[in-house]
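Welcome, and please take a moment to look at the sequence and the model below.

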Amino acid sequence: MRRHGLTSSGYASIGMSQPTPAPQTRFSDDGFWWWDGASWKPAVSPDRLWRWNGQTWIPAQSAAGAGGPAATAGRGGGAGFAVLITVAIFLGVLVVVSILVTIILLTMGNQISNVFQNVVTALNGG
């Protein structure tokens with residue numbers, strides 16, 4: 001029920017209760033921090049088992065499936081992905097070196113053979 005009354009200026013006032021808008025939590029781009037209106041606060045617990053979702057702390061595993069900026073911070077490769085990238089780079093370098101050695105041997109093979117023959121001849125005293 002609404003209350004009607006006159007204010008000191010003579011206008012009628014209607015007392016209404018408006019719902020308070022829910023505060024919007026602003027996360028950093030990496031999802032590890034949230035803005036409380038005055039300063040940045042950590043959005044991940046020190047042991048990385050809990051995440052702040054804007055209203056309460058939730059287990060970090062369920063935050064990854066919840067979506068939003070906090071969930072994107074948990075995505076990534078990890079150690080397995082780093083090992084895979086390292087092995088792929090090593091194999092790539094190995095292939096490039098193999099190709100270069102093959103090209104060098106095909107183009108300069110006779111010259112290399114002549115050098116070795118000259119060394120053998122010199123060592124034999126000839």
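The report below goes from the whole chain to some of its parts.

## About the model

This is a predicted model, in which local features need pLDDT of at least 70 and side-chain atom pairs count only at pLDDT 80 or more, while totals for chains, interfaces and linings use all residues. Residues are numbered from 1 along each chain as its sequence is written, and side-chain values use heavy atoms, with hydrogens and water left out.

## The chain as a whole

Let us begin with the overall layout. The chain has three helices and seven strands; here helices (H or I, at least four residues) and strands (E, at least two) are DSSP runs, numbered from the N terminus. Starting at the N terminus, the order of elements is β-β-β-β-β-β-β-α-α-α.

Of the 126 residues, 13% count as buried. Buried means under 20% relative accessible area, exposed means over 50%, and partly exposed lies in between (1.4 Å probe, protein chains only). The chain's accessible surface is about 10500 Å², and carbon and sulfur atoms account for 64% of that; such areas come from the Shrake-Rupley method with a 1.4 Å probe, and for residues, only the protein chains shown count as cover. A contact means heavy atoms within 4.5 Å. Among contacts between residues at least 6 apart in sequence, 15% join residues at least 24 apart.

## A sheet of three strands

Next, have a look at an open sheet of three strands, with the order S3-S4-S5 and antiparallel pairing. Its edge strands are S3 (26-27) and S5 (40-42), each of which pairs on one side only. Two strands pair if DSSP finds at least two bridges between them. S3 and S4 (residues 33-35) pair in the antiparallel sense over two bridges, and Trp-34 in S4 is the bridge partner of Phe-27.

S4 also holds Trp-35, which is partly exposed at 30% relative accessibility. Leaving aside residues up to four places away in sequence, Trp-35 touches Arg-26 and Trp-40. Trp-35 and Thr-25 are 10 residues apart in sequence, and their C-alpha atoms are 6.6 Å apart.

## One salt bridge

How many salt bridges does the structure hold? There is one salt bridge, and it joins the side chains of Lys-41 and Asp-36 at 3.9 Å, N to O. The term stands for a side-chain nitrogen of Lys or Arg within 4 Å of a carboxyl oxygen of Asp or Glu. Side chains of opposite charge can pair when their charged atoms come close. Lys-41 is partly exposed, at 33% relative accessible area, and Asp-36 is partly exposed as well, at 35%.

Where does H3 bend? H3 bends by about 70° at Met-108, where the bend is the angle between axes fitted to the seven residues ending there and the seven starting there. H3 (residues 79-123) has 45 residues, yet its end C-alpha atoms are only 54 Å apart, short of the 66 Å that a straight helix would reach. That expected span is 1.5 Å times one less than the number of residues.

Just after H3, Gly-125 has a positive phi of about 85°. Arg-48 has a positive phi of about 65° although it is not a glycine. Arg-48 sits in the loop between S5 and S6 (50-52) and is exposed, with a relative accessible area of 52%.
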